[in-house]
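Have the model open as you read.

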Amino acid sequence: MSQKLRIGIVGCGGKMGRMLIEEILSSSGLTLAGGVDGAPAIVGQDLGVLAGRPPIGIAASADSAALVANSDVLIDFTIPAATVELAGLTSRQGKALIIGTTGLDQKQAEAIHRAAETIPIVWAPNFSLGLNILLGLVKQSAAMLGAEYDIEILEMHHRQKIDAPSGTALGLGKAAAEGRGVELDRIWVKTRDGYTGARETGSIGFATLRGGDVVGDHTVMFAAKGERLELSHKAGDRAIFARGAVRAAAWVHGKPPGLYGMNDVLGLR
Ligand code: NAD
């Protein structure tokens with residue numbers, strides 16, 4: 001029997017799912033256990049073909065429970081409802097889980113926290129190395145710059161993105177709020193429209209742009225009278241997220257139950 005780590009992909013027909021297939025097939029030491037997708041047009045398609053390769057003889061399925069049984073670690077890039085369902089399945093079967101899906105509401109997030117009491121889960125709004133370095137820089141800058149520096153976060157993504165602000169933008173906001181020693185959800189301004197009045201001191205504002213095929217651009221601004229510090233990250237290729245998620249899968253296998261972040265995987269804590 002193979003000793004290689006068996007990774008199952010949930011959402012294998014999506015933009016990220018296809019990248020993950022490619023990343024696993026091109027990594028030695030890893031086995032692609034299979035893939036599931038919720039779209040009937042994807043089910044039955046060969047996973048190699050989905051990734052733009054010759055067929056590999058494994059078809060995308062709709063049976064998540066069977067994939068979980070057949071995998072050591074599951075990687076999920078889908079939609080929030082599917083992620084919550086998968087967290088239940090993996091925790092019942094004692095399998096580790098990597099979550100890339102964004103846009104979970106509070107109740108859905110609580111379900112992930114509950115699952116992490118029985119299995120190890122890495123949950124990150126962004127799996128790229130550069131962005132995770134940026135999170136640390138933002139926290140540090142927010143701690144160093146006083147409340148006279150207004151914090152605004154600007155993000156742009158492709159036209160098909162369905163949640164806003166992006167999970168990464170909210171993660172950057174959380175890092176800035178932590179740097180200031182405050183809770184993000186007490187000070188965030190996620191949208192502005194109409195007669196808003198003047199900007200409230202100490203708030204963290206978000207602005208969302210959507211268009212074209214932008215993979216993910218994020219800028220955190222610290223704006224004061226007379227100067228502005230801008231920290232930016234631009235993702236040009238989804239492969240960076242797939243590489244990070246697969247690295248997290250290799251890292252999480254065998255870890256004790258708990259909720260981990262990409263900073264744990266990268267040793268950035
Ligand atoms: P996508 O729409 O291209 O793919 C999502 C896939 O999930 C689709 O193929 C869809 O059919 C499938 N799906 C939906 N319901 C399902 C179910 N119940 N079971 C199995 N599969 C199901 O989207 P995408 O661009 O690949 O992004 C997916 C998610 O990942 C989004 O939430 C996005 O914001 C997030 N994302 C995170 C990172 C990160 O680094 N954390 C990077 C990119 C995207």
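Which helices and strands each supply at least two residues of the lining of the second largest pocket? They are α1 (15-25), α4 (80-93), α7 and β9 (216-224). Helices here are DSSP runs of H or I with at least four residues, strands are runs of E with at least two, and both are numbered from the N terminus.

Before going further, some ground rules. This is a predicted model, with local features needing pLDDT of at least 70 and side-chain atom pairs counting only at pLDDT 80 or more, while totals for chains, interfaces and linings use all residues. Residues are numbered from 1 along each chain as its sequence is written, and side-chain values use heavy atoms, with hydrogens and water left out.

Back to that second largest pocket, which holds about 1000 Å³ of space. It has 42 lining residues, and M16, F77, T78, I79 and T101 are the closest to its centre. A pocket, on a 1 Å grid over the protein atoms alone, is an open set of points with protein on both sides within 12 Å along at least five of seven lines; a cavity is a set where a 1.4 Å probe fits but cannot get out, and lining residues have an atom within 4 Å of a point. Volumes are the space filled by probe spheres set on the points, which are joined across faces, edges and corners. Helix α4 gives the largest share of this lining, five residues. By class the lining splits into 17 nonpolar, 19 polar and six charged residues, where Ala, Val, Leu, Ile, Met, Phe, Trp, Tyr, Cys and Pro are nonpolar, Asp, Glu, Lys and Arg are charged, and the others, Gly among them, are polar.

This is also where the ligand sits, meaning that more than half of its atoms lie within 2 Å of the pocket's grid points. Around the ligand are 22 residues, with K15, M16, D37, T102 and K161 coming nearest; a residue joins this shell if one of its heavy atoms lies within 4 Å. The shell has 10 nonpolar, nine polar and three charged members. Now look at the backbone N or O atoms: one from K15 lies 2.9 Å from a ligand oxygen, one from F127 is 2.9 Å from a ligand oxygen, and one from A124 is 3.0 Å from a ligand nitrogen. Taken alone the ligand exposes 860 Å², and the protein buries 78% of that (Shrake-Rupley areas with a 1.4 Å probe).

Next, the largest pocket, at about 1600 Å³. Its lining counts 41 residues, with P125, L170, G171, K174 and E178 nearest the centre. Helix α7 (167-180) is among the elements giving at least two residues, and its seven make up the largest share. The lining divides into 19 nonpolar, 12 polar and 10 charged residues.

One last stop is P165, in the loop between β6 (150-157) and α7. A cis peptide bond joins A164 to P165, with omega about -15 degrees. Most peptide bonds, by contrast, are trans.

Notes. Polar contact = N/O pair within 3.5 Å; in protein donor to acceptor, adjacent residues only side chain to side chain.
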